[in-house]
Amino acid sequence: MKLLHIDSSISGAQSVSRQLSASVVIRLKDTLPGLGVSYRDLAAEPVPHQSPATRFAKLKSLYEAGVLAGEMGEVVAAAMQDGAPVDTSAQDEVAATSVALDEFLTADIVVIGAPMYNFGIPSQLKAWIDCLAAPGKTFSYTATGAKGLAGSKKVIVASSRGGFYSASSPMAFMDHQETFLSSFFGFIGITDITFVRAEGVNTGPEQRQRALESALAEIALLKAA
Ligand SMILES: Cc1cc2nc3c(=O)[nH]c(=O)nc-3n(C[C@H](O)[C@H](O)[C@H](O)COP(=O)(O)O)c2cc1C
């Protein structure tokens, strides 16, 4: 089995989500010693944001798969026939996007360090998720709506946030971090998603400690399979 470990915090060694995601990986390796692990640090080496070039590459692969209908199909076909000008930086962007997608597609388990920044996820993590939103690979359009294609994976999110946003909190409606991740992974078919969470870490050192201990206790119960 293969595990993909993703971090996205900009806080380096002080990062709570990095500490938690690393603990998740150690725990899962303990429960399954043969587990292969690959690592991507999105803060150190961000994947490119979406661009005209990455959009065109996605449309082209849809067209080639025969699922791009109507006027858009004609536009892409015409652009392909003209031979789009070779722009090396754009090719690098497209290649980096597809490497990130392939890493995800080949993983059985994905562990994601995901801090809350400004009520959502870090933009670096959002750019990575944009790489995963690949029609024909992680979801497909059908006559009855979109269908997820990545359902066999397990996702574990190591979530950290300065305040409190769980269901009982009056701030719950401002959580666009965990709710976004649940929605996205649900959309691509993943039902096995677990959040381990350290909340209120900026409300004082005692709460920070309590939150870490509670998250680490949950991590100690995780299993790779
Ligand atoms: C840029 C930035 C934005 C943040 N925005 C929020 C926020 O909207 N809500 C919140 O509760 N905490 C916020 N925090 C606090 C972090 O969620 C908290 O420090 C958490 O531990 C971050 O994870 P990390 O330590 O892995 O980076 C923010 C921190 C940073 C650095």
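The structure is a predicted model. The ligand has 17 residues around it, and Ser9, Ser15, Ser17, Met116 and Ser160 come nearest. Helix H5, at residues 123-132, is largely enclosed by the rest of the structure, because eight of its 10 residues are buried.

**The ligand and its shell**

- The shell around the ligand is made up of seven nonpolar residues, nine polar residues and one charged residue.
- Ser17 has a polar side-chain atom 2.6 Å from an oxygen atom of the ligand.
- For Ser15, an N or O atom of the side chain is 2.7 Å from a ligand oxygen atom.
- The side chain of Tyr117 likewise has an N or O atom 2.8 Å from an oxygen atom of the ligand.
- On its own the ligand has 620 Å² of accessible area, and the protein covers 78% of that area.
- An unreviewed UniProt entry carries the annotation "binding site" for a set of residues that includes Ser9, Ser15, Val16 and Ser17.
- The annotation in that UniProt entry also covers Met116, Tyr117, Asn118 and Phe119, as well as Ser160, Arg161, Gly162 and Gly163.

**The loop between S3 and H5**

- Met116 is placed in the loop between S3 and H5, and this residue counts as buried because its relative accessibility is 11%, under the 20% limit.
- Apart from neighbours within four places in sequence, Met116 is in contact with Ser160, Arg161, Tyr165, Met174, Asp175 and Gln177.
- Asn118 belongs to the loop between S3 and H5, and with a relative accessible area of 75% Asn118 is exposed.
- The phi angle of Asn118 is near 50°, which is a positive value in a residue other than glycine.
- Phe119 also lies in the loop between S3 and H5, where its relative accessibility of 32% makes it partly exposed.
- Although Phe119 is not a glycine, its phi is positive, at about 75°.

**Helix H5 and its cover**

- The buried residues of H5 are Gln124, Leu125, Ala127 and Trp128, together with Ile129, Asp130, Cys131 and Leu132.
- The cover over these buried residues includes three strands, namely S1 (2-7), S2 (36-41) and S3 (109-115).
- Helices also contribute to the cover of H5, among them H2 (52-64), H4 (88-106) and H6 (178-187).
- Thr97 lies in helix H4 and counts as buried at 12% relative accessibility.
- Beyond its neighbours within four places in sequence, Thr97 is in contact with Pro48, Thr54 and Cys131; Cys131 is one of the buried residues of H5.

**Strand S6**

- Ser160 is part of strand S6 and is buried, with a relative accessibility of 7%.
- Leaving out neighbours within four places in sequence, Ser160 is in contact with Val16, Ser17, Ala114, Pro115, Met116, Gln177 and Ala198.
- Ser160 and Arg18 are 142 residues apart along the chain, and their C-alpha atoms are separated by 9.2 Å.
- Ser159 is also placed in strand S6, and its relative accessible area of 0% makes Ser159 buried.
- Not counting residues up to four places away in sequence, Ser159 touches Leu20, Ala114, Gln177, Glu178, Val196, Arg197 and Ala198.
- The side chains of Ser159 and Glu178 make a polar contact of 2.8 Å.
- Ser159 and Phe104 are 55 residues apart in sequence, with a C-alpha to C-alpha distance of 19 Å.

**The loop between S6 and H6**

- Gly162 is found in the loop between strand S6 (154-160) and H6.
- At 24% relative accessibility Gly162 counts as partly exposed, because that class runs from the 20% limit for buried residues up to the 50% limit for exposed ones.
- With neighbours within four places in sequence left aside, Gly162 is in contact with Gly200, Val201, Asn202 and Thr203.

Notes: Residues numbered from 1 in each chain as written. Predicted model: local features only at pLDDT ≥ 70, side-chain atom pairs only at ≥ 80, totals over all residues. Heavy atoms only, no water. Buried < 20%, exposed > 50% of the residue type's maximum accessible area, 1.4 Å probe, protein only. Helix = DSSP H or I, 4+ residues; strand = E, 2+ residues; numbered from the N terminus. Contact = heavy atoms within 4.5 Å. Near = heavy atom within 4 Å. Polar contact = N/O pair within 3.5 Å; in protein donor to acceptor, adjacent residues only side chain to side chain. Areas by Shrake-Rupley, 256 points an atom, 1.4 Å probe, with all protein chains shown as cover. Nonpolar A, V, L, I, M, F, W, Y, C, P; charged D, E, K, R; others polar. UniProt positions renumbered as here; feature names shortened; annotations may be inferred.
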